[in-house]
Number of protein chains: 2
Amino acid sequence: VAGLGSYRSRLDIVADILLVASRRAKKTQIMYQANLSHKLLTKYLTEIRKAYLISFERKERCYVLTSRGQEFLERYKDYSRHNKHVEKGLNDVRVKRKALEELYSSR
Amino acid sequence: VAGLGSYRSRLDIVADILLVASRRAKKTQIMYQANLSHKLLTKYLTEIRKAYLISFERKERCYVLTSRGQEFLERYKDYSRHNKHVEKGLNDVRVKRKALEELYSSR
């Protein structure tokens, strides 16, 4: 039973960026708070803007969340909560299976 | 996210055999009710007896569950219930992730 690991997926990174931008943020703030290289952040920001999840305010040079970005973030929180719950359940099932296998194989 | 598929695992087969034997059964009854070839059943029965999950009553030529076999079956039911629950949860998480990915990639 693989997957659902603990590394940051693309979705996790997008959510991290949006979380920082939800408090209005300049690029450098996002870079540090979302823990991303300048290069990677630039790539993500381009994609995220194309998906209309954030917008850029030229005057103050900062990023803000769109309502679509807000929706993404809310759905992400729900997804993340369920994901953690399922990971725990998956682990319980593995423990139960191991106990059964031991009951079957110990002679 | 792989695994936890719908094929019969080794544990599922053992549990199917034990379920039939829990009602006292002859080899042919187990074969048909657990849906196994004679060859495969013979292999499993040898293992299951070595693990002290069933015993063979020579006089009536039938298999019966030991208390250890009873314990296996009870634990298996609990495991199976949790497994189904987690599979459902895993599927929900996949649906939620897909919706997020669409929100991110649709432009």
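Residues are numbered from 1 along each chain as its sequence is written, while chains are lettered from A and ligands numbered from 1 in the order in which they are written. Because the model is predicted, local features need a pLDDT of at least 70 and side-chain atom pairs count only at pLDDT 80 or more, whereas totals for chains, interfaces and linings use all residues; side-chain values use heavy atoms, with hydrogens and water left out.

The confidence of the predictor in each residue is expressed as pLDDT, on a scale from 0 to 100. For chain A the mean pLDDT is 92, and 93% of the residues of this chain reach 70 or more. Over residues 1–5 of chain A, however, the pLDDT is below 50, although this stretch has 18 contacts in the model beyond near neighbours in sequence, a contact being defined by heavy atoms within 4.5 Å. Where pLDDT is low, the predicted coordinates should not be read in detail. Helices (H or I, at least four residues) and strands (E, at least two) are DSSP runs, numbered from the N terminus. Among these elements of chain A, the highest mean pLDDT, 97, belongs to helix α2 (residues 27–33), and the lowest, 95, to helix α4 (residues 67–105). For the complex, the predictor gives an ipTM of 0.82 and a pTM of 0.77.

Burial was assigned from relative accessible area, with buried meaning under 20%, exposed over 50%, and partly exposed in between (1.4 Å probe, protein chains only). A salt bridge requires a side-chain nitrogen of Lys or Arg within 4 Å of a carboxyl oxygen of Asp or Glu. In helix α1 (residues 10–21) of chain A, A:D12 is buried yet has no salt bridge, the nearest side chain of opposite charge, A:R8, being 6.9 Å away. The side chain of A:D12 does make a polar contact with the side chain of A:Y76 at 2.6 Å. Such a contact is a pair of N or O atoms within 3.5 Å; within protein, one must be able to donate a hydrogen and the other to accept it, and residues adjacent in sequence count only if both atoms are side-chain atoms. When residues up to four places away in sequence are not counted, A:D12 touches A:Y7 and A:Y76.

In chain B, the loop between α2 (27–33) and α3 (38–50) holds B:L36, which counts as buried because its relative accessibility is 10%. With residues up to four places away in sequence not counted, B:L36 touches B:R8, B:I13, B:I17, B:M31 and B:L41.

Most residues other than glycine have a negative phi. By contrast, A:N35, in the loop between α2 and α3 (38–50) of chain A, has a positive phi near 55°, and this residue is exposed, with a relative accessible area of 61%. A positive phi of about 55° is also found at A:Y52, which lies in the loop between α3 and β1 (54–57) of chain A and is exposed at 55%.

Over all chains, the count comes to 20 salt bridges. One of them joins A:R81 to A:D78, with the closest N and O atoms 2.9 Å apart; both residues lie in helix α4 of chain A, three residues apart, or about one turn of the helix. A:R81 counts as exposed at 52% relative accessibility, whereas A:D78, at 23%, is partly exposed. In chain B, B:K43 forms a salt bridge with B:E47, the closest N and O atoms being 3.7 Å apart, and because these residues are four apart in helix α3, about one helical turn separates them. B:K43 is partly exposed at 43%, but B:E47 is buried at 17%. In chain A, a network of salt bridges links A:R10, A:K43 and A:E47.

Notes:
Lys and Arg count as positive and Asp and Glu as negative; His and the chain ends are not counted.
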